[in-house]
Amino acid sequence: MSTLAVERAALVRDLARDLERAVYLISLDRDVARRCVVSALAAGNDEDEVRRTAYGQAIRGVAARPISHAPVVMPWDGEVATDDNSTGVRDALIRAVEELPGQDRALLAGMVLESLPVGAVGQILGMSSAAIEAHLTTVMERLTAVHTAARAQRGQTPAEFAVAGDLHEVLTEIVRAPGVPPVTAVDIERAATSRGRRRAAA
């Protein structure tokens with residue numbers, strides 16, 4: 001395999017890993033996230049188009065299949081929380097994120113989890129940069145209110161300065177998937193072959 005081919009394979013692997021985490025945050029379904037990512041990569045478009053396709057499929061899937069209950073996120077790998085107060089705030093944020101509409105979770109996936117530029121997220125979601133910023137402000141206000149309420153229940157004062165950091169930790173925890181195998185070149189090739197056969201049969 002040439003150096004160029006090796007480098008491309010590494011780029012695809014890294015994109016698939018990051019994108020699958022982001023799409024899982026939108027769909028809250030591992031199987032759906034895997035299918036969206038593999039399908040988008042199999043289409044053979046550039047990275048921006050792959051991301052738009054995968055995000056779009058996930059958002060449409062959530063709209064068509066409303067989640068009846070939020071998944072339960074538990075500590076992994078024997079981790080044990082030692083701070084009941086921080087755990088309570090974290091759990092409240094997890095529930096709040098999981099209860100958001102798919103479009104809002106897509107916004108958090110792009111802006112917070114993947115740390116994409118505002119313009120890039122706007123292209124993915126079909127919104128202007130100004131609309132993205134306004135929408136993010138609204139979502140963050142909602143999550144800040146949840147954060148404040150959870151702290152108040154534990155006799156703590158508001159800590160708006162901590163919301164962004166706590167939210168990033170929560171999103172990272174939601175999308176963690178120990179033991180889940182990564183998307184492989186074989187997965188993508190199979191999807192591309194299937195796509196080609198469907199086109200030929202149409």
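Residues are numbered from 1 along each chain as its sequence is written, and side-chain values use heavy atoms, with hydrogens and water left out. Because the model is predicted, local features need pLDDT of at least 70 and side-chain atom pairs count only at pLDDT 80 or more, while totals for chains, interfaces and linings use all residues.

View 1. Helices (H or I, at least four residues) and strands (E, at least two) are DSSP runs, numbered from the N terminus. Of the 202 residues, 39% are buried (under 20% relative accessible area; exposed is over 50%, partly exposed in between; 1.4 Å probe, protein chains only). Contact means heavy atoms within 4.5 Å. Among contacts between residues at least 6 apart in sequence, 75% join residues at least 24 apart.

**View 2. The largest nonpolar core has 51 residues.** Such a core is a set of buried Ala, Val, Leu, Ile, Met, Phe, Trp, Tyr and Cys residues joined through side-chain atoms within 4.5 Å. The residues with the most contacts inside this core are L25, L41, Y55, V97, L108, L125 and I174. At least two core residues come from each of α1 (3-27), α2 (30-42), α3 (47-64), α4 (84-99), α5, α6 (118-125), α7 and α8 (163-175). Helix α1 gives the most, with 9 residues. Leaving aside neighbours within four places in sequence, Y55 touches L19, A22, V23, I26, A106, A109, G110, E114, L116, I124 and L125.

**View 3. Helix α5 is largely enclosed by the rest of the structure, as 11 of its 12 residues are buried.** These are G102, D104, R105, A106, L107, L108, A109, G110, M111, V112 and L113. S115 follows α5 and has a positive phi, near 55°.

**View 4. L107 lies in helix α5.** Its relative accessible area is 0%. Beyond neighbours within four places in sequence, L107 is in contact with V112, V121, L125, I132, H135, L136 and V139. The C-alpha atoms of L107 and H135 are separated by 8.3 Å, at 28 residues apart along the chain.

**View 5. Helices α5 (residues 102-113) and α7 (residues 129-153) cross at roughly 105°.** Their axes come within 10 Å. Axes are lines fitted to C-alpha atoms, for helices over the stretch in contact, and angles run from 0 to 180 degrees between N-to-C directions. The two helices are therefore roughly perpendicular (65 to 115 degrees; under 35 is roughly parallel, over 145 roughly antiparallel, the rest oblique). Q103, D104, L107, L108 and M111 of α5 meet I132, H135, L136, V139 and L143 of α7. This contact divides into 7 nonpolar, 2 polar and 1 charged. Ala, Val, Leu, Ile, Met, Phe, Trp, Tyr, Cys and Pro count as nonpolar, Asp, Glu, Lys and Arg as charged, and the others, Gly among them, as polar.

**View 6. Helices α6 and α7 pack at about 95°, with axes 8 Å apart.** That makes α6 roughly perpendicular to α7. V118, G119, V121, G122 and L125 of α6 meet S129, I132 and E133 of α7. The residues of this contact divide into 4 nonpolar, 3 polar and 1 charged.

**View 7. Helix α7 has 25 residues.** Its buried residues are I132, L136, V139, L143, T144, H147, A150 and R151. Just after α7, G155 takes a positive phi of about 75°.

Notes:
The expected span of a helix is 1.5 Å times one less than its number of residues.
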